[in-house]
Amino acid sequence: MQDNTRNIRQDMRDYMPRYYDDFPVILNVIDRQADVMIALNEAAATTLAQVFVVSADRDLPRWERICGIKTDLTKTIEARRAIVKSRIQGAGTVTVGVVRELADTLYGAATEVQEDFVGASVVVTLVGKRGAAANAEDVRKELRELIPAHLGITLEFTWFVWDEFDTLTWNQADAFTWDELEVYMP
C-alpha cells in the first residue's frame, strides 16, 4: 500500500505547475489532499473486498445471514468463509472437490474424500494431521449441510502405525510420550 500512497502524492504534485514547488503552504495543501485521496482509495478497496465472500471480513456476518448460517465467532474467518462458500455453491452439484475444499478448510489440514457407492456414504479422511480432530462434530455438521441427505458421512483419522515406527531410532522414539507418538508425522 505504501507504493500507492507515494504514487498518489507524487502524481498530485506532478499535476501542479513547477513554480508551486517554491511555496510550502501550497505543497502542504496538496499533501493533505493526497492524504484524503489515499484514505478514500483504501476505504473503497475495503468496501469492495466485502462484496466477495473470499475476501469479506467485516461483512461476513451479513453473508452468513443471507445463507441462513448462525454466526459463530469461535470459528476462524477462513472456516466461516468456507462454510458460506459451500452454501452458495451448494445450489449446484456437490462434488468430491467441493467436499474436500470445505473439509480442508474446517480441519485446517489436508483431507482425502472418497465416495463409498456400496455403503452410500462419503468417507472423509484427515491426512494432514494425526489423531482425532477436536472439531470433528462441527465438521460433520457442516458437511451434513452440504452433502445430500441420502448419503452417510464417515470421518476417519490417521494415526502413527507400527510400520512407520521403523523409521525412528530408539533414542528418537524415547523423546516422545505415548500420546505424542500416536499423532507423530515423520
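The predictor's confidence, pLDDT, averages 86 for the protein chain, and 95% of the residues score at least 70. Among the elements, strand 1 has the highest mean pLDDT, 93, whereas helix 1 (residues 2–15) has the lowest, 75. Where pLDDT is low, the predicted coordinates should not be read in detail.

The overall form may be considered next. The C-alpha trace spans about 80 × 50 × 25 Å along its principal axes. A compact globule of 186 residues would have a radius of gyration near 16 Å, but the protein chain has 26 Å. Of the 186 residues, 30% count as buried.

Nine helices and three strands make up the elements of the protein chain, and their order from the N terminus is α-α-α-α-α-β-β-α-β-α-α-α. Buried residues in helix 2 include Leu-27, Ile-30, Asp-31, Ala-34 and Ile-38.

The strands complete the picture. Strand 1 (residues 111–116) pairs with strand 2 (residues 121–130) in the antiparallel sense, over six bridges. Within this pairing, Glu-112 stands opposite Thr-125 of strand 2. Four residues lie between the two strands of the hairpin, in which Ala-120 takes a positive phi near 50°.

Methods: Residues are numbered from 1 along each chain as its sequence is written. This is a predicted model: local features need pLDDT of at least 70, side-chain atom pairs count only at pLDDT 80 or more; totals for chains, interfaces and linings use all residues. Side-chain values use heavy atoms; hydrogens and water are left out. Two strands pair if DSSP finds at least two bridges between them. pLDDT is the predictor's confidence in each residue, from 0 to 100. Buried means under 20% relative accessible area, exposed over 50%, partly exposed in between (1.4 Å probe, protein chains only). The radius of gyration is taken over C-alpha atoms; the globule rule is 2.2 Å times the number of residues to the power 0.38.
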